[in-house]
Amino acid sequence: MTPPTREAKTMSETAASPGTAPAPDGAAEFAGRNVVVTGGGTGIGRAAALEFARRGAAAVIITGRRKERLAEVAAEHAAIVAVPADVTTEDGAQAVIEELRSHGERLDVLVHNAGIYRQTPVADPNMAYAREMLETNVLGPVLLTARLLPLMTSPGGSIVFVSSVAGHNPEPYASMYAVTKAGAHSLTLTMAKELANRGIRVNAVAPSAVRTEVYDANGLTTEQIDGLFRGFAAANPLGRTGVVEDVAPWIARFASPESSWITGQILVIDGGADLTAAADSPYSPYRGDSRGSDWGS
Ligand SMILES: NC(=O)c1ccc[n+]([C@@H]2O[C@H](COP(=O)([O-])OP(=O)(O)OC[C@H]3O[C@@H](n4cnc5c(N)ncnc54)[C@H](OP(=O)(O)O)[C@@H]3O)[C@@H](O)[C@H]2O)c1
């Protein structure tokens with residue numbers, strides 16, 4: 001089989017090229033750059049859109065299905081443009097392309113943030129929920145990436161997934177959500193390799209518990225979600241759960257020209273929660289009890 005032809009890009013034309021160099025002193029980090037944030041009407045997506053706008057992006061196009069939520073965020077900053085669009089559909093992708101036409105047909109940053117979280121037990125799976133999560137969290141980004149790639153700055157474009165710690169550390173009753181986030185991890189790595197020869201970087205942030213509307217869809221009352229979050233906070237090494245402002249700056253940092261030699265990375269943002277995932281060994285030479293001497297034997 002003939003190997004696929006690598007696009008003929010020299011090192012100087014790819015990630016380190018002058019076109020992708022950090023902004024000169026005093027210039028806004030994302031000046032002249034266009035950004036798309038899916039699911040930008042609420043939560044982490046809203047915070048990310050505001051972050052890009054504050055860092056000087058020319059246009060930040062936010063998508064989602066609820067027009068009124070998008071309009072509220074667009075009203076917060078002149079650079080933010082609301083485009084009602086379902087991430088799972090061709091029409092949704094087309095709406096984003098149409099909007100980009102009035103912004104110089106140029107896309108610099110694509111943030112795959114839109115996502116849904118539904119619990120569905122292994123012993124009694126809800127296949128409609130499973131399909132909805134796969135469509136939204138995995139196939140949506142696949143479709144949108146393909147449709148927007150022709151407009152992406154090359155070299156210099158950047159894609160950021162909003163994945164989850166569930167992608168590598170799944171929780172019971174959320175197996176299909178975990179599958180979709182493991183899928184987002186995998187897409188991050190594969191796309192990073194596949195798009196490197198175009199000088200397009202692909203990274204992901206993987207947050208754990210951040211209080212947003214994503215938790216509202218599983219039939220829990222506000223009091224139950226409050227209790228859940230108290231539990232998360234109590235178990236967290238840094239003693240609290242996340243807020244959207246813990247995540248948004250890292251999305252922007254991955255997309256920043258200053259990260260021009262970073263690709264294929266998944267950054268866990270969780271206050272150290274991952275550290276507690278494996279049970280601590282009861283044995284240590286520093287423990288000071290009789291079991292300590294068993295270490296390593
Ligand atoms: N909050 C957490 O603890 C946490 C932890 C790890 C990862 N995450 C991930 O972070 C991302 C953002 O979630 P969030 O926590 O900020 O919750 P959120 O406020 O519920 O945000 C999800 C956004 O996705 C949009 N969306 C859902 N389906 C869509 C579709 N078919 N087309 C277009 N937009 C769609 C929603 O808007 P519409 O409903 O109006 O379409 C909403 O604005 C998700 O991918 C989530 O899995 C969250």
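Figure 1. Glu213 sits in the loop between strand E6 (201-207) and H6; helices (H or I, at least four residues) and strands (E, at least two) are DSSP runs, numbered from the N terminus. This is a predicted model: local features need pLDDT of at least 70, side-chain atom pairs count only at pLDDT 80 or more, and totals for chains, interfaces and linings use all residues. Residues are numbered from 1 along each chain as its sequence is written. Glu213 is exposed because 11 other C-beta atoms lie within 10 Å. With C-beta atoms placed from the backbone, a residue is buried if 20 or more other C-beta atoms lie within 10 Å of its own, exposed if 12 or fewer, and partly exposed in between. Leaving out residues up to four places away in sequence, Glu213 touches Thr42 and Gly43; a contact requires that the C-beta atoms of two residues, placed from the backbone, lie within 7 Å. Glu213 and Tyr117 are 96 residues apart in sequence, and their C-alpha atoms are 9.9 Å apart in space.

Figure 2. Strand E1 (residues 34-38) is mostly covered, with 5 of its 5 residues buried. In a regular strand the side chains alternate between the two faces of the sheet. Asn34, Val36 and Thr38 lie on one side of E1 and Val35 and Val37 on the other, and all are buried. E1 runs parallel to strand E2 (residues 59-64), to which 5 bridges join it; two strands pair if DSSP finds at least two bridges between them. E1 is also parallel to strand E4 (residues 109-112), through 3 bridges. Together with helix H1 (residues 43-54), E1 and E2 make a right-handed β-α-β unit. A crossover is right-handed if, with the strands pointing away from the viewer, the path from the first strand over the helix to the second runs clockwise.

**Figure 3. The shell around the ligand.** The ligand is surrounded by 29 residues, of which the closest are Gly39, Gly43, Arg65, Gly115 and Val214. H1 and E2 are the elements that give two or more residues to this shell. H1 supplies the largest share, 3 residues. By type, the shell divides into 10 nonpolar, 14 polar and 5 charged residues. Ala, Val, Leu, Ile, Met, Phe, Trp, Tyr, Cys and Pro count as nonpolar, Asp, Glu, Lys and Arg as charged, and the others, Gly among them, as polar.

**Figure 4. The cis peptide bond at Pro155.** The peptide bond from Ser154 to Pro155 is cis, with omega near 5 degrees. Pro155 belongs to the loop between helix H4 (127-148) and strand E5 (158-162). Pro155 is buried, since 22 other C-beta atoms lie within 10 Å. Between the C-alpha atoms of Pro155 and Asp108, which are 47 residues apart along the chain, the separation is 9.5 Å.

**Figure 5. Loop residues with positive phi.** Most residues other than glycine have a negative phi, and most peptide bonds are trans. Glu105, not a glycine, has a positive phi of about 50 degrees. Glu105 lies in the loop between helix H3 (90-101) and E4, and counts as exposed because it has 11 C-beta neighbours inside 10 Å. Tyr173, likewise not a glycine, has a positive phi of about 70 degrees. The loop that holds Tyr173 runs between E5 and H5. With 14 C-beta neighbours inside 10 Å, Tyr173 is partly exposed.

Figure 6. Glu171 is placed in the loop between E5 and helix H5 (175-195). Glu171 counts as partly exposed because it has 13 C-beta neighbours inside 10 Å. Glu171 and Gln119 are 52 residues apart along the chain, with their C-alpha atoms separated by 9.7 Å.

**Figure 7. Confidence along the chain.** The protein averages a pLDDT of 89, and 84% of the residues score at least 70; pLDDT is the predictor's confidence in each residue, from 0 to 100. Among the elements, E5 has the highest mean pLDDT (99) and helix H6 (residues 222-235) the lowest (93). Over residues 1-21 pLDDT stays under 50, and the model has 30 contacts beyond four places in sequence for this stretch. Residues 291-297 also have pLDDT below 50, with 10 contacts in the model beyond near neighbours in sequence.

Key. A residue is near a molecule or strand if its C-beta atom, placed from the backbone, lies within 6 Å of it.
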